[in-house]
Amino acid sequence: MGGEDWRRDMNELFARFVGASRGVTACLSMALGLDEEELWQHCTQGDTISLMRLFRYFPYEVADGVQPDSGRIGSSPHTDWGWLTLIMQQPDVVGLHVHHDDQWWEVPPVEGALATNIGDYVSILTQGAMVSPLHRVATGTRERTSWVFFSYPDFDAKLPVIDNCKERYSLFQDQHRDHSGESDDAAGLPFGEFIRSKWMSVSRDVS
């Protein structure tokens, strides 16, 4: 499949991710005692900068009969920068882990379900009432793929000011320098402008 058929299917999948993001956001609003559209007002044009990506994690080969380390990392521990992250996992391979109670827990795929992470923007906007989880991808002896949708707020949405939040969010950290870097002076910047700089800072030159 390719050409216009491929484009049509990918656009439909993107639109379904946007719809799922809106549904999850409505649930978050009601969980906070707000009108179900209260939080989504920050995302009415977010689909113009949201990203859908296909991740492919290669397996580690077993060499000379030595079993690979089960803790090998395909994606280093991090929190997500944006609004929500929706993950369509490969149904028969476990790779996603979430950090909770000082240990890593596997997030096994569930048929017909999306794994969902709250992003840093929501954590800060809700003053830590909703916390973006620290997570990673650990690889093993099997290849793994996953569709990941990064739902973002509006391009012009201002980055909120941290107030009474005890967590350190990667939204305000320079992950190019190191993954626990010092806080950036980002509050008040348009989200779209800032998220572009964040992706540029961690992009890799493959030329």
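The stops that follow concern salt bridges in this predicted model. By the distance rule applied here, the count comes to 7 salt bridges.

**First stop: helix H1.** Select Arg7 and Glu4. Their side chains form a salt bridge, with the closest N and O atoms 3.9 Å apart; this falls under the rule because the cut-off is within 4 Å. Both residues lie in helix H1 (residues 3-31), 3 residues apart, about one turn of the helix. Glu4 is exposed, at a relative accessible area of 59%, whereas Arg7, at 48%, is partly exposed.

**Second stop: Glu143 and Arg56.** Next, select Glu143 and Arg56, which form a salt bridge whose closest N and O atoms are 3.1 Å apart. This pair links distant parts of the chain, 87 residues apart: Glu143 is in the loop between strand S7 (135-138) and strand S8 (144-151), and Arg56 is in strand S1 (residues 51-57). Glu143 is partly exposed, with a relative accessible area of 32%.

Now select Arg142 and Asp92, whose side chains meet in a salt bridge of 2.9 Å, N to O. Arg142 belongs to the loop between S7 and S8, and Asp92 to the loop between strand S3 (84-89) and strand S4 (96-100), so the pair ties together parts that are 50 residues apart in sequence. Arg142 is partly exposed at 43% relative accessible area, and Asp92 is partly exposed at 46%.

**Last stop: a network.** Finally, select Asp5, Arg8 and Asp9, which are linked in a network of salt bridges.

Conventions:
Residues numbered from 1 in each chain as written. Predicted model: local features only at pLDDT ≥ 70, side-chain atom pairs only at ≥ 80, totals over all residues. Heavy atoms only, no water. Helix = DSSP H or I, 4+ residues; strand = E, 2+ residues; numbered from the N terminus. Buried < 20%, exposed > 50% of the residue type's maximum accessible area, 1.4 Å probe, protein only.
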